[in-house]
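Student: I'd like to learn how to read this structure. Could you take me through it feature by feature?

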Amino acid sequence: MRTTTATDRRRIEALLRRLTGDEKHAPSAHSTLDVLQVLYERVLDVDPEHPDDPDRDRFLLSKGHGPAAYYAVLAARGFFPEHWLDDLAGPDSPLGHHPDRLLVPGVEIGSGSLGHGLGLGVGIALGLRAQGLLRPRIFVLLGDAELDEGSNHEAVAYAGATGLASITAIVVDNRSATHGWPGGLASRFTVNGWTGVTVDGRDQDALAAALTGHDNRRPHVVVAVTEPKE
Amino acid sequence: MRETFIDTTSAILTEEPRTALVLADISAAAFAPAARRHPDRVLNVGIREQLMIGVAGGLALTGLRPIVHSYATFLVDRAYEQIKLDLDHQGVGAVLVSVGASYDGASMGRTHMSPQDVALLDTLGGWTVHVPGHAGEVTGPLRTAVAGDGAVYLRLSTQTNDRARPGDGSLAVVRPGGAGAPLVVAVGPVLDEVLAAVAGLDVTVAYTNRPRPFDTVGLRALAGTEVVLVEPYLAGTSSRLVDAALADRPHRLLSLGVGREDLHRYGSAADHARWHGLDAAGLRHSISAFLDPA
């Protein structure tokens, strides 16, 4: 784990407001904010000066919807200039309502259509392993409603069956799945051979522990529970 | 063709550590020796075609060159959005290799047919498409594709011509007609039926096994007023390219290929060729009517 100085939360919140122009909603309206902040400040080994380092950790925002918190955190970490935040989804803006990896340094995949990130993440894990790059971890952030897409379950079953230990899935659960997940979200993973932990998605210390709680033998899932979607 | 693909790919995996093969159970047994030699680069994800393409996209993002293989209907039709987003949108390529072209799997019914695969890839940009007409036309394009980085589709079939015409994919005259004679373009495995169909007619027959990018320069050099296009997949798939290439000339175009209708019939590939008018008699009938309207 890389040790970093915690970025001032107020700075990220200011960047977020700059991005959304929204003074009414508290930053907590962004369900992924704490997870992203913990990942980029305390967990991921990524370097804005070398965003293409083959030995870097990978963070894949599979749930490409509402990437404001993602952009704010990336800007705060210095992956791109802060003034990019001022023209979200403008005709010449590299930042859209769904991120595009060909436009934004530090963005590993273009996403938005739900259910693509975990499969890509499995492929990245396999590709790194085949090249002897055994240090990097691959973190894939999904939403509880996104898990409705069957493509995720192809990836969950395969990664579990083959013990693809370098993957960590993070499911931000703000209870937005139309039919819910009776029995809990983590069970969908653990029944397939993953390790799993469910934590308060607003508790940064608990998130940091969970996000580094993999056993290096099995893929790992962190379910981050936040307040229900408004 | 499938055996040639398996042998060549197994050799490439040994020669070139940058390559990886992704399978969804189809042909897994044939690749078992390669999988034992290269367990990290021969990846069978089970019957999960969305994951198969997603994995290929991920492999390519790490710098590997993925070869992805299944039945055309599962590889292209079923996983179309993954091809669009997990490959194209991410800015990475792969080598997709299908079997079960059009109605090769006739006895298995419509669920195993894909006459629309090339048309689907045509909705995306920049794909190279190879449609070999003989097993001897597989290795060259496969090796070239694997050595590059682009998006390549290799469409293998059990339909085959009597002999191989490897070439470089540009239009090649197989049977010259007289000056200004109508041009008949045959794509891949339909060539022999086309040659039989036009026996005794004054037409030039030209062949290509690489319909994308279509050899429009060669087409302009060979075409007069009348052009007939015969393709082993959905009828009209390449007609927009032929029309665009000849836009500045008065011309007439007949596009023949597989029809859109689900026939709800089994039988053999030869039966389906006949039902779609792609056997020699059917082609003769269509081409004669076009060239010499009553």
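Student: Which residues have the most contacts inside the largest nonpolar core?

Tutor: In soluble globular proteins, nonpolar side chains tend to be buried together. A nonpolar core here is a set of buried Ala, Val, Leu, Ile, Met, Phe, Trp, Tyr and Cys residues joined through side-chain atoms within 4.5 Å. Buried means under 20% relative accessible area, exposed over 50%, and partly exposed in between (1.4 Å probe, protein chains only). In this predicted model, the largest core has 61 residues, and those with the most contacts inside it are V122(A), V68(B), I83(B), L87(B), L96(B), W127(B) and Y153(B). Helix α3 (residues 49-61) of chain B gives the most to this core, with eight residues. Helices (H or I, at least four residues) and strands (E, at least two) are DSSP runs, numbered from the N terminus.

Student: What is V68(B) in contact with, leaving aside its neighbours within four places in sequence?

Tutor: Contact means heavy atoms within 4.5 Å. On that basis V68(B) touches V22(B), M52(B), I53(B), A56(B), L75(B), A94(B), V95(B), L96(B) and V97(B). There's also a second, separate core of 41 residues, with I12(A), L141(A), V172(A) and A208(A) among them.

Student: How should I read the numbering and the cut-offs?

Tutor: Residues are numbered from 1 along each chain as its sequence is written, and chains are lettered from A and ligands numbered from 1 in the order in which they are written. Since I called the model predicted, note that local features need pLDDT of at least 70, side-chain atom pairs count only at pLDDT 80 or more, totals for chains, interfaces and linings use all residues, and side-chain values use heavy atoms, with hydrogens and water left out.

Student: Now the backbone. Is D25(B) buried or exposed, or in between?

Tutor: D25(B) is partly exposed, at a relative accessible area of 37%. Its phi is near 75°, a positive value in a residue other than glycine, and D25(B) sits in the loop between β1 (19-23) and α2 (32-37) of chain B.

Student: And where is S102(B)?

Tutor: Look in the loop between β4 (95-99) and α6 (117-122) of chain B. S102(B) also has a positive phi, near 45°, but S102(B) counts as buried, at 3% relative accessibility.

Student: Which residues does the cis peptide bond join?

Tutor: R212(B) and P213(B), with omega about -10°. P213(B) is in the loop between β9 (204-208) and α9 (216-222) of chain B.
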